[in-house]
Protein chains: 2
Amino acid sequence: MKISYSYTIICCLFFFCSLYGQKEKNYVYKHVISSEVLGEDRLVTVFLPKNYYHPLAVKSNFGVLYVLDGGKKKVVTNGVYDFLANGVKPAIPELIIVAIHQKNRMFDLTPTKATTFPNGKKTKRYEKSGNAFAFYEFIANEVGEKVNRMYRTSGFNILTGHSFGGLNTLYTLLEKEGFFQAFIASDPSLWWDNRRLFYDAKEMLISKKFTNKSLFLAIANQQGTPSMPASNLHQETIKSFAKLLDNSKENGLHFKHKFYEDREHHSVSMIALQDGLSFIFEDVSFQSTDYKLTREKLQERYKVLSDKVGMSFNPSILQIVNLGDLFSFKGNKKKALQFYKWALEESPNNILIKERITKITS
Amino acid sequence: MKISYSYTIICCLFFFCSLYGQKEKNYVYKHVISSEVLGEDRLVTVFLPKNYYHPLAVKSNFGVLYVLDGGKKKVVTNGVYDFLANGVKPAIPELIIVAIHQKNRMFDLTPTKATTFPNGKKTKRYEKSGNAFAFYEFIANEVGEKVNRMYRTSGFNILTGHSFGGLNTLYTLLEKEGFFQAFIASDPSLWWDNRRLFYDAKEMLISKKFTNKSLFLAIANQQGTPSMPASNLHQETIKSFAKLLDNSKENGLHFKHKFYEDREHHSVSMIALQDGLSFIFEDVSFQSTDYKLTREKLQERYKVLSDKVGMSFNPSILQIVNLGDLFSFKGNKKKALQFYKWALEESPNNILIKERITKITS
């Protein structure tokens with residue numbers, strides 16, 4: 001497999017974190033991957049989290065969010081991520097974002113080649129479709145393998161897609177093992193190919209195990225279906241799929257679905273991504289009352305998440321220090337010291353942490 | 001007034017618009033403004049809309065969204081904007097975004113100097129506060145004047161802020177004339193200084209006219225108030241303010257408020273910005289059924305918006321051509337031609353439009 005990369009730092013935004021008084025950087029890298037499995041060059045954009053190069057994060061590993069149709073959605077995705085992962089009370093841990101640029105999304109993202117429109121009429125419009133099998137190999141073995149080799153990744157991978165991308169996300173959950181642990185499917189095109197994946201799912205959801213996997217499914221209030229403006233087949237199929245999942249609890253999947261009364265097909269994707277990421281990391285997200293947080297409580301939470309996803313999840317040293325800083329700012333020296341000391345256990349002799357302890361105890 | 005600028009293109013992202021087959025660019029500029037009124041240098045980030053340099057947009061002017069606390073929120077803001085302004089059915093016209101970086105947000109954003117916490121206790125914590133009067137002069141006369149001189153702006157300006165930024169947004173609406181036409185206030189800190197602005201508003205909402213102004217107010221389900229964890233004074237004050245506005249219809253303000261059951265103070269700001277922009281431009285936003293759109297219907301919509309904001313709003317030539325392209329893609333040549341011909345009226349002899357007409361009629 002021949003892989004060539006061109007690295008370009010195209011974006012270096014400076015963030016001013018007034019609370020902690022430190023300057024931070026954001027990095028965006030573009031990679032051109034010569035894919036053997038797809039037989040062509042593909043563009044991939046990688047967004048590193050803003051603390052990737054922070055002195056207290058040099059040993060931290062990060063989960064990865066893979067975004068289908070990422071060429072169009074990368075600004076949106078980064079905005080959603082930035083909103084959730086930053087601030088005093090982050091809702092999710094920091095992630096690396098990998099935006100996959102589609103060339104022909106119908107070909108890449110659909111699991112089968114369809115020959116008819118949803119209304120039953122024969123069509124050649126779908127002639128170039130059904131390449132999801134190869135496309136998964138591209139993401140997992142070519143993109144994913146390189147991302148894992150080049151960046152400090154934790155092995156926790158999330159896949160998200162909208163419309164055909166949502167269909168692909170569900171296909172990957174149902175039919176592909178291993179690479180992804182969490183999935184966010186936004187108003188998926190389950191009408192595709194006479195609802196083929198939906199019918200296949202009935203069997204798979206009973207016969208297969210999805211232990212340690214999480215799925216968030218967003219359903220838009222979309223009227224009409226491609227080729228059938230008066231039919232709600234699109235919406236009804238997703239709702240039926242959600243029911244299937246609700247009735248298949250024994251397969252171990254952590255599942256949540258949400259119907260958005262006030263959103264149609266296109267206007268649902270941003271909130272879907274936001275709610276999906278919040279669902280995946282709900283065990284470790286912060287609430288207003290979390291000023292009562294202790295080391296033990298935070299550890300308990302990460303234990304719950306770790307058990308759920310079947311991987312060891314821990315707060316980063318930076319998060320622990322930030323909590324120390326927060327309590328210090330609030331005037332609670334005892335709590336601040338508790339978190340600083342914990343951070344020092346994780347990173348013994350770290351000068352930045354030692355300085356904080358000296359400052360607070362002197 | 002001495003103003004020095006340093007221009008840096010720090011970000012140039014390429015978008016691939018598969019439907020129309022054209023490459024587009026995004027530009028982000030950083031400006032350091034030596035503010036006379038604030039007596040110091042301030043950083044401002046300007047995001048140009050992706051079609052700013054499009055050959056069909058060279059004569060288009062753009063509205064401007066001014067974002068308070070923009071240093072922290074600029075990725076989020078740009079994500080929200082990108083989500084709403086792009087795609088087949090954009091919900092809002094393209095805008096220039098100006099992110100204002102706060103140095104001391106309590107000082108910049110609060111309209112008065114407070115001496116007590118909400119619980120009534122005296123404090124020196126708020127000693128450096130109450131500079132909103134000067135801060136408005138900075139935005140309107142120093143930042144705004146330069147933005148209007150340097151970029152192709154339409155004169156339609158939106159102000160948005162969260163928390164203290166929301167308070168500042170309401171203060172600007174109530175007490176400042178002229179520069180801004182639309183406002184998005186996200187969970188504003190109306191508890192500030194013994195609810196001073198709230199009490200002042202009672203009088204102002206009756207005595208003043210707010211014709212052609214729009215306000216979207218987002219209310220979070222936030223438990224507690226600074227210094228009073230058990231009191232819902234924060235939330236209740238905003239709700240009471242919303243009631244005041246509901247009962248002051250005679251002042252001409254276009255007003256909408258929304259209570260977010262499932263969002264707390266920090267998690268409301270992203271959806272607030274999204275819903276706020278959608279509200280401001282609701283007259284010209286696209287719905288699923290808009291494939292029935294005609295020239296006349298689109299013009300009617302822009303007339304409604306123009307009457308509401310008291311300024312002439314028109315679809316851009318690019319939007320008109322894009323609609324032509326959309327109908328052409330859908331196989332509706334007659335409609336496509338209608339839009340192309342309209343575009344040619346707006347930009348006679350334009351070669352790009354002529355090419356399209358030739359292609360569709362040959």
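Guide: A salt bridge here is a side-chain nitrogen of Lys or Arg within 4 Å of a carboxyl oxygen of Asp or Glu. Keep that in mind for this predicted model.

Visitor: How many salt bridges does the rule find across the interface of domain 1 and domain 2 of chain A?
Guide: The rule finds 0.

Visitor: Which residues make up the two domains of chain A?
Guide: The domain assignment gives 8–280 to domain 1 and 289–362 to domain 2. Their centres, over C-alpha atoms, are 32 Å apart.

Visitor: What makes this a contact between domain 1 and domain 2 of chain A?
Guide: Contact means heavy atoms within 4.5 Å. Domain 1 of chain A brings 20 residues to the contact, and domain 2 of chain A brings 20. The area buried between them is about 1700 Å². Carbon and sulfur atoms give 69% of that area.

Visitor: Why is a space called a cavity?
Guide: Because a 1.4 Å probe fits there but cannot get out. By this rule there are 8 cavities of 30 Å³ or more.

Visitor: Which residues lie closest to the centre of the second largest cavity?
Guide: They are K73(B), T160(B), H162(B), S269(B) and L273(B), out of 13 lining residues. In chain B, α1 (70–85), β6 (153–162) and α7 (269–280) each give two or more residues to the lining. α7(B) gives the most, 4 residues.

Visitor: How does the lining of the second largest cavity divide by residue type?
Guide: Into 6 nonpolar, 6 polar and 1 charged. Lys counts as charged, so K73(B), a lining residue, is the charged one.

How values were computed: Residues are numbered from 1 along each chain as its sequence is written. Chains are lettered from A and ligands numbered from 1 in the order in which they are written. This is a predicted model: local features need pLDDT of at least 70, side-chain atom pairs count only at pLDDT 80 or more; totals for chains, interfaces and linings use all residues. Side-chain values use heavy atoms; hydrogens and water are left out. On a 1 Å grid over the protein atoms alone, a cavity is a set of points where a 1.4 Å probe fits but cannot get out, and a pocket is an open set with protein on both sides within 12 Å along at least five of seven lines; lining residues have an atom within 4 Å of a point. Grid points are joined across faces, edges and corners, and a volume is the space filled by probe spheres set on the points. Domain bounds come from an automatic or database domain assignment. Buried area is the accessible area (1.4 Å probe) that two parts lose on being put together, summed over both.
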